Amino acid sequence: MKRTRTTVIDIARAAGVSKSTVSLVLQGSPRVNEATRARVSTVIRELGYVYNRSAANLRQSKSGIVGIVVNDLTNSFFAELAVGMDMVVQSAGYVQFLANTGESVDRQREVIASMREHGIAGLIISPARGTQVSDLKPLIDSGIPVVLVVRNLPGAKVSSLLSDNYAGLSQAVEHLIGLGHRRIAFMGGYADMAVFEERVRGYRDALAKAGLSSGDEFIFNSAPSRAGGVAAVEKMLLRAERPTAAVCFNDAVAFGVCDGLRAARMEPGVDFGVVGFDDVIEAKTAVPALTTVSVDPQGMGQRAAQLLLKQINSERAEPEAQLLSVRLVVRESCGIRKNTRDREEHA
């Protein structure tokens with residue numbers, strides 16, 4: 001015999017309360033006293049009732065789902081960013097729908113379309129490489145709040161939360177110059193990546209300010225990954241005149257640069273200075289510990305989620321642009337003044 005589905009009315013009868021009281025318990029409302037809540041909860045468990053939250057949200061014309069789309073979850077920076085978002089989203093009573101695009105615009109379109117079908121309340125996105133404003137237009141036109149994080153899309157007319165890439169790279173270069181380095185490379189990333197231009201501009205301007213060459217001879221493009229860092233070092237080793245230090249597109253590249261240096265029998269922090277960008281968890285425990293520009297990825301994720309919730313809860317929220325300050329965290333990988341002087345004297 002087919003078993004009939006347990007309803008809210010069944011629970012109300014068994015618990016001796018009204019249907020509205022059962023609904024308040026299911027919604028976690030503080031308006032129900034603890035004794036009644038406990039009695040109703042016991043009946044719910046005994047009858048095996050499962051609360052259909054999505055159906056309830058449809059009745060209330062409100063979704064409990066927040067979409068989060070990132071471009072590369074294999075990079076620990078974006079994993080930490082997603083953790084920060086999840087902490088805020090969950091505490092606000094939402095469920096996150098997380099997707100990784102792997103830098104594919106086509107994949108990004110697919111996951112955004114799927115999220116729209118599931119009725120997301122809002123979206124946080126770090127756009128895939130090559131994303132156009134038009135890719136977000138269907139979301140924007142439908143009135144779904146969108147927050148861009150890490151990577152900007154000028155002209156998108158949505159909220160954004162970005163780090164100060166220019167200032168971060170400037171600080172990193174100035175620190176290496178202060179250690180005595182005069183030939184400083186920029187390693188990793190590609191010119192068509194959203195934050196590349198800002199970071200390279202900070203790199204060039206800091207060199208120019210110190211009266212050093214700010215041309216392209218020491219810019220080594222590569223994938224923004226650990227493997228990309230190794231590839232950048234391999235390109236550098238082909239040069240007759242080599243740099244003595246490098247600022248890297250991100251920490252993943254910096255770790256790869258350290259790998260590539262060791263493969264060439266050069267010790268990071270002793271034979272060559274290395275500075276990253278992000279300050280992921282592994283930066284502190286790496287050998288040598290990585291000097292890097294700290295963005296605080298978890299904190300950034302929390303701020304992005306808070307900004308999105310603010311947009312969701314506002315009837316007519318205007319787009320907001322936030323630029324987060326960064327700071328240089330000096331550890332061992334950038335080397336020391338004496339070693340730098342010795343290398344330059346014998347170069």
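Biologist: Where does V150 lie in this structure?
Modeller: V150 lies in the loop between β4 (146-149) and β5 (159-163). Please bear in mind that the model is predicted.

Biologist: Is V150 buried or exposed?
Modeller: V150 is buried, since its relative accessible area is 10%, and the cut-off for buried is under 20%.

Biologist: What is the phi of V150?
Modeller: It is near 70°, a positive value in a residue other than glycine. Most residues other than glycine have a negative phi.

Biologist: Where does D296 lie, and what is its phi?
Modeller: D296 is in the loop between β10 and α13 (297-313). Its phi is near 60°, which is again positive in a residue other than glycine. With a relative accessible area of 46%, D296 is partly exposed.

Biologist: Which residues does a cis peptide bond join?
Modeller: V287 and P288 are joined by a cis peptide bond, with omega at about -5°. Most peptide bonds are trans. P288 belongs to the loop between α12 (281-285) and β10 (291-294).

Biologist: Turning to aromatic residues, how many aromatic pairs does the structure hold?
Modeller: The structure holds four aromatic pairs. One of them is formed by F186 and F196, whose rings are edge-to-face, 5.6 Å centre to centre with 85° between the planes.

Biologist: Which parts does that pair tie together?
Modeller: F186 lies in strand β6 (residues 184-187) and F196 in helix α9, so the pair ties together parts that are ten residues apart in sequence. Both F186 and F196 are buried.

Biologist: Which residues do ring pairs link into a cluster?
Modeller: The cluster consists of F186, F196, Y203 and F249, linked by ring pairs.

Biologist: What separates E34 and R37 along the helix?
Modeller: About one helical turn separates them, because E34 and R37 are three residues apart in helix α3 (residues 34-47). E34 is exposed, with a relative accessible area of 57%, whereas R37 is buried, at 16%.

Biologist: What about D106 and R109?
Modeller: D106 forms a salt bridge with R109, and the closest N and O atoms are 2.8 Å apart. Both residues lie in helix α6 (residues 105-117), three residues apart, about one turn of the helix. R109 is partly exposed, with a relative accessible area of 42%.

Biologist: How do the side chains of R262 and E267 meet?
Modeller: They meet in a salt bridge, at 3.9 Å from N to O. R262 counts as partly exposed at 33% relative accessibility, and E267 likewise counts as partly exposed at 35%.

Biologist: Which residues do salt bridges that share partners join into one network?
Modeller: That network is made up of D106, R109 and D135.

How values were computed
Residues numbered from 1 in each chain as written. Predicted model: local features only at pLDDT ≥ 70, side-chain atom pairs only at ≥ 80, totals over all residues. Heavy atoms only, no water. Phe/Tyr/Trp six-rings, centres within 6.5 Å; stacked < 30°, edge-to-face > 60°. Helix = DSSP H or I, 4+ residues; strand = E, 2+ residues; numbered from the N terminus. Buried < 20%, exposed > 50% of the residue type's maximum accessible area, 1.4 Å probe, protein only. Salt bridge = Lys/Arg side-chain N within 4 Å of Asp/Glu carboxyl O.
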